[in-house]
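Subject: Structure handover

Hello,

Here is the structure for you to look over. My notes follow below it.

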Amino acid sequence: MVPLQPLDYINLLSGLMLLLYGISQVSANMQIIAGARLRTYLSTLTRNRLTGIITGTFATALLQSSSATTVITVTLVGSGLISFTASLGVLLGANIGTTLTVQLISFSLQDYALFMTGVGAGIRFFGKKDRTIYFGRLILGFGLIFLGMKFMGASVDPLRHNAQFLSYFVEGGVPKIFLVLGAFLFTAMVQASAATIALTLSFAASGLIDFHSAMYIVVGSNIGTGVTALLASFGSNLQARKTALANIIFNTLGALAIIPFLPYIHANFFTEGDIARNIANFHTLFNIALTIVFFPLIGLVAAMIDRLIKPRKVTTAPAEYFLDRSLQSSPDLAIQEARKLTINMTGMCREMLTSSFALIDRYEIDRSWKIQNMDDRLDAMNLDIRLYLTSLSHREMNPAESNLLFDTINYATTLEYVGDVLVKNVIKLSRKLNREKIRLSEEGYRELQELEAMTLENFDLCHQLYLTSQRSLHVQLQDNHQKVRKKENQLMQSHIQRLQQGLQASVATTTVHTDLVANLERINSHLCRFEPLTMVDDKAAEEA
């Protein structure tokens with residue numbers, strides 16, 4: 001009996017960490033290279049079940065992660081870009097696509113692991129273009145996968161001479177249901193079925209697991225991979241939860257159907273050959289068979305889930321805004337989610353502007369309280385967006401996504417600043433006019449209306465600049481800011497002239513009038529200072 005030494009356990013765990021990190025790097029960098037385009041294809045090439053399966057297969061083969069494809073699919077369904085029924089074909093295709101990763105891992109490339117790691121690291125450090133750097137990280141990820149498998153295999157090598165261990169795991173001592181459950185739990189924990197099967201391949205190559213036991217592990221890992229999509233659907237809408245449940249149902253029913261036939265399949269189809277290749281081939285054939293069986297039953301499964309999960313009657317008012325936390329695994333989707341919330345903020349802030357202007361002429365306590373409540377919600381939205389997006393800092397993002405993230409936070413903060421000026425200054429000044437029962441002079445109020453119109457124009461320009469990043473809009477906004485400053489000086493001079501003429505209304509409201517002009521200029525300054533990190537010419541914006 002040869003037990004494992006403490007160093008062997010450390011090497012085993014370290015190898016597993018290298019494997020998991022390598023898989024995450026491969027998936028993350030493939031998503032950066034092709035993820036945004038793949039999301040477009042997923043939302044457009046799922047018109048029917050067959051194209052959905054094909055699209056799901058190719059998307060997963062590129063992303064090297066069925067979990068990534070299923071999470072993207074769930075979020076697209078939640079956004080209404082893919083119908084629930086069409087998404088089922090994508091999920092089946094994702095199961096086939098993930099077998100490519102296992103097929104690649106099953107080849108005996110561990111001897112080249114260090115070479116692949118070195119090549120990937122070299123491209124990563126010496127590459128100049130972003131795409132080259134991501135490609136280097138991709139190769140580095142594959143190198144780490146094989147390096148991790150090599151370390152794990154070496155660490156458990158002493159167990160090959162452990163008769164007690166071999167009799168339990170290799171000679172059928174362990175109940176097969178435990179293998180299925182163990183694979184399910186491990187896959188659910190690491191959220192990558194490829195990691196579970198890679199670990200199995202490493203143990204099988206060392207003679208610690210026979211092919212028959214490996215079949216049960218493959219089946220269990222197939223069920224476990226559905227947990228990722230299920231977690232992604234929490235907090236999402238009804239259609240997204242249906243899609244996640246369908247993924248679990250497909251894999252669970254497929255597992256239950258094939259488990260009784262595993263001894264027969266082993267005895268008649270996989271009696272000889274390299275064990276690693278046999279495991280990979282079984283994994284591929286199992287998922288292809290699963291797709292063939294469920295393809296004609298997609299409509300039936302969809303109808304069954306529609307009956308199982310029905311929309312609940314809303315007894316309370318729906319939440320005013322919502323940021324889907326499940327999207328944070330895909331930075332581009334998370335950024336778009338935050339940008340949708342900024343659109344709501346824009347409408348709210350503009351309403352605050354027009355309502356605040358109306359209070360200057362006619363103060364209403366109810367309208368004043370409504371504006372202050374809206375400002376509280378605006379502050380809460382800005383904080384949520386800031387926390388939501390800053391949590392993406394540890395995620396891999398390309399420069400365009402990083403710039404868009406910064407612009408979103410910057411724009412939301414700009415809206416909050418505008419709201420603060422309105423509540424802390426403009427509303428207080430209008431309340432003072434009402435409390436002291438004084439009114440601005442007709443000429444003074446008319447001049448303020450001109451400044452208000454310029455402010456609303458700049459507000460809309462700022463919003464369009466945020467949406468399009470057009471350079472011409474930024475130039476126009478800067479020109480308008482200079483016009484506002486000149487207008488401010490003109491209004492101050494006109495007000496002084498009315499004071500010199502002894503106009504009673506101007507004398508009574510001089511402090512309020514000048515403060516209103518100054519605060520409207522402050523609002524314009526906040527709006528006109530907004531500048532996207534990357535701006536495009538008008539022609540490029542139209543093509544986009």
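Ala 302 is buried, at a relative accessible area of 3%. Buried means under 20% relative accessible area, exposed means over 50%, and partly exposed is in between (1.4 Å probe, protein chains only). This is a predicted model, in which local features need pLDDT of at least 70, side-chain atom pairs count only at pLDDT 80 or more, and totals for chains, interfaces and linings use all residues. Residues are numbered from 1 along each chain as its sequence is written, and side-chain values use heavy atoms, with hydrogens and water left out.

Ala 302 sits in helix α16 (residues 298-308). Helices here are DSSP runs (H or I, at least four residues), as are strands (E, at least two), numbered from the N terminus. Leaving out residues up to four places away in sequence, Ala 302 touches Phe 84, Thr 85 and Leu 88. Contact means heavy atoms within 4.5 Å. Ser 87 is 215 residues from Ala 302 in sequence, yet their C-alpha atoms are 10.0 Å apart.

**Salt bridges**

There are seven salt bridges in the structure. The criterion is a side-chain nitrogen of Lys or Arg within 4 Å of a carboxyl oxygen of Asp or Glu.

- Asp 306 pairs with Lys 242, with 2.6 Å between the closest N and O atoms. Asp 306 is in helix α16 and Lys 242 in helix α13 (residues 238-258), so the bridge ties together parts 64 residues apart in sequence. Asp 306 is partly exposed at 34% relative accessible area. Lys 242 is buried, at 6%.
- Arg 350 pairs with Asp 460, and their closest N and O atoms are 2.9 Å apart. This bridge links distant parts of the chain, from Arg 350 in helix α17 to Asp 460 in helix α20, 110 residues apart. Both ends are partly exposed: Arg 350 has a relative accessible area of 30%, and Asp 460 has 32%.
- Arg 439 meets Asp 361 in a salt bridge of 2.9 Å, N to O. Arg 439 lies in the loop between α19 and α20, and Asp 361 in helix α17, so parts 78 residues apart in sequence are tied together. Arg 439 is exposed at 55% relative accessibility. Asp 361 is partly exposed at 33%.

**Nonpolar cores**

The largest nonpolar core has 62 residues. Such a core is a set of buried Ala, Val, Leu, Ile, Met, Phe, Trp, Tyr and Cys residues joined through side-chain atoms within 4.5 Å. Leu 353, Ile 385, Leu 389, Leu 516 and Ile 523 have the most contacts inside it. Helices α17 (331-361), α18 (365-390), α19 (399-435), α20 (442-468), α21 (471-500) and α23 (510-528) each supply at least two of its residues. Beyond its neighbours within four places in sequence, Ile 523 contacts Leu 353, Val 418, Val 421, Leu 422 and Thr 455. A second, separate core has 52 residues, among them Ala 192, Leu 199, Phe 211 and Ala 280.

**Helix α20**

What span does α20 reach from its first C-alpha to its last? The 27 residues of α20 reach 39 Å, close to the 39 Å expected at 1.5 Å a residue. The expected span is 1.5 Å times one less than the number of residues. Just after α20, Ser 469 takes a positive phi of about 60 degrees.

Best wishes
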